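Biologist: I would like to learn how to read a structure like this one. Can we take the features in turn?

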There are 2 protein chains.
Amino acid sequence: MTVLQGALADRDSWSAVGHCPIEKTMAIAGTKSAMLIMREAFYGTTRFDDFAQRVGITKAATSARLAELVEAGLLTKRPYREPGQRSREEYVLTDAGTEFMPVVWAMFEWGRKHLDDSRLRLTHIGCGAEAGVEIRCAAGHEVPPDEVGMRLVRRASVRGS
Amino acid sequence: MTVLQGALADRDSWSAVGHCPIEKTMAIAGTKSAMLIMREAFYGTTRFDDFAQRVGITKAATSARLAELVEAGLLTKRPYREPGQRSREEYVLTDAGTEFMPVVWAMFEWGRKHLDDSRLRLTHIGCGAEAGVEIRCAAGHEVPPDEVGMRLVRRASVRGS
DNA sequence: CAGGATCCCTAAGGATACTG
DNA sequence: CAGTATCCTTAGGGATCCTG
């Protein structure tokens, strides 16, 4: 249990705290349909019916999920108007929603490697090379999974977004 | 919709394929309790009752979730015996389970930044610096979210695990 | 300690029909 | 196109009690 460092080493005292960011994140976007809607938003889908059709859920579910994701600040509703039509709403990623994408990509990468022989790959649009999810530290090292730890800092540290 | 490159640009033809790695991954570990059990396994928890208590779910739920995660290959059951006791089972991360951790860490990071003022931080145990989830391409660039794309490759490419 | 059995409640989500 | 309304099924999960 070396991953919990410093004050966290006393596992049970920390466990009592109970306010885990992972838990809160799952409460917001922890359903299959919410995750797939985020995928679609990343792919560029903005219209209600397109979400419903491409995610493969009913309109009722689409409506509920979109409302929750807007409420949570991952998506935002924006009015648009096509010529000769009344004004409607479209759904686009917010900054917070865009910052959520690593979650989706990490799932994509894991599923691709372990469940699928899919020929889909993440790429860096700029240079065309394949891309993947990595852990890096502020000192610039790529951190392998068994060297990732968890620590309690005194107050908000500098490393923001 | 520039993120879908090449053959994928025809959004609807690809949509019909319908076998998305994200969806499959969510089907396996897409519940709050499964995700928290993975967090606990990473923290070093191995015992049934510890999972139940620290995740905050009943033993019935613990039993069901652990069995699913073992079945899916993320955890493995290993017998152990304490002196004077009968043999019991403990649950440890497999390689596939360890490779799943970026999903958990990405959720942790997003929740920490957007929902929480938690003082918990990911760290690189080796050097002590704070760590975070990044996208990098094979050419070594750090890829910002708006430069991540999705492409269909001819067959399995070299970049494996 | 590591479960299984039972009962009950809630949220996710399908199917279908209807509306502005 | 973008929803709302109604009805129904299923899975997650709490509570409680019991077992090896």
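Modeller: Start with a definition: helices (H or I, at least four residues) and strands (E, at least two) are DSSP runs, numbered from the N terminus. Ala72(A) sits in the loop between helix H5 (59-71) and strand E1 (75-81) of chain A. This is a predicted model, where local features need pLDDT of at least 70, side-chain atom pairs count only at pLDDT 80 or more, and totals for chains, interfaces and linings use all residues. Residues are numbered from 1 along each chain as its sequence is written, chains are lettered from A and ligands numbered from 1 in the order in which they are written, and side-chain values use heavy atoms, with hydrogens and water left out.

Biologist: Is Ala72(A) buried, exposed or partly exposed?

Modeller: Buried means under 20% relative accessible area, exposed over 50%, and partly exposed in between (1.4 Å probe, protein chains only). Ala72(A) has 27% relative accessibility, so Ala72(A) counts as partly exposed. Look also at Ala96(A). Ala72(A) and Ala96(A) are 24 residues apart along the chain, and their C-alpha atoms are separated by 9.3 Å.

Biologist: Now charges. How many salt bridges are there over all chains?

Modeller: The general idea first. Side chains of opposite charge can pair when their charged atoms come close. A salt bridge is a side-chain nitrogen of Lys or Arg within 4 Å of a carboxyl oxygen of Asp or Glu. The whole structure holds 18 of these salt bridges. One of them joins Arg39(A) and Glu40(A), at 2.9 Å from N to O. Glu40(A) is buried, at 0% relative accessible area. Arg39(A) is buried too, at 6%.

Biologist: Which parts of chain B does the pair Glu90(B) and Arg47(B) tie together?

Modeller: Their salt bridge has its closest N and O atoms 4.0 Å apart. Glu90(B) lies in strand E2 (residues 87-93), and Arg47(B) in the loop between helix H3 (32-43) and helix H4 (48-55), so the pair ties together parts that are 43 residues apart in sequence. Glu90(B) is buried at 11%, whereas Arg47(B) is partly exposed at 27%. Salt bridges with shared partners also link Arg47(B), Arg78(B), Glu82(B) and Glu90(B) into one network. Another salt bridge pairs Glu130(B) with Arg121(B), at 3.7 Å between the closest N and O atoms. Both of these residues are buried.

Biologist: What rotation superposes chain B on chain A?

Modeller: Two copies of a chain are related by a rotation about an axis and a shift along it. Copies are superposed by least squares on the C-alpha atoms of residues with pLDDT of at least 70 in both. Here the rotation is 180 degrees, with 0.0 Å of shift along its axis and an RMSD of 0.1 Å. That is the relation of a two-fold axis. Both copies use the same surface: 100% of the contact residues of chain B recur in chain A. Contact means heavy atoms within 4.5 Å.

Biologist: At what angle do helix H2 of chain A and helix H6 of chain B pack?

Modeller: Two packed helices are described by the angle between their axes and the distance between the axes. Axes are lines fitted to C-alpha atoms, for helices over the stretch in contact, and angles run from 0 to 180 degrees between N-to-C directions. H2(A) (residues 21-29) and H6(B) (residues 95-114) pack at about 90 degrees, with axes 8 Å apart. They are therefore roughly perpendicular (under 35 degrees is roughly parallel, over 145 roughly antiparallel, 65 to 115 roughly perpendicular, the rest oblique).

Biologist: Which residues meet there?

Modeller: Those of H2(A) include Ile22(A) and Met26(A), and those of H6(B) include Phe108(B) and Trp110(B).
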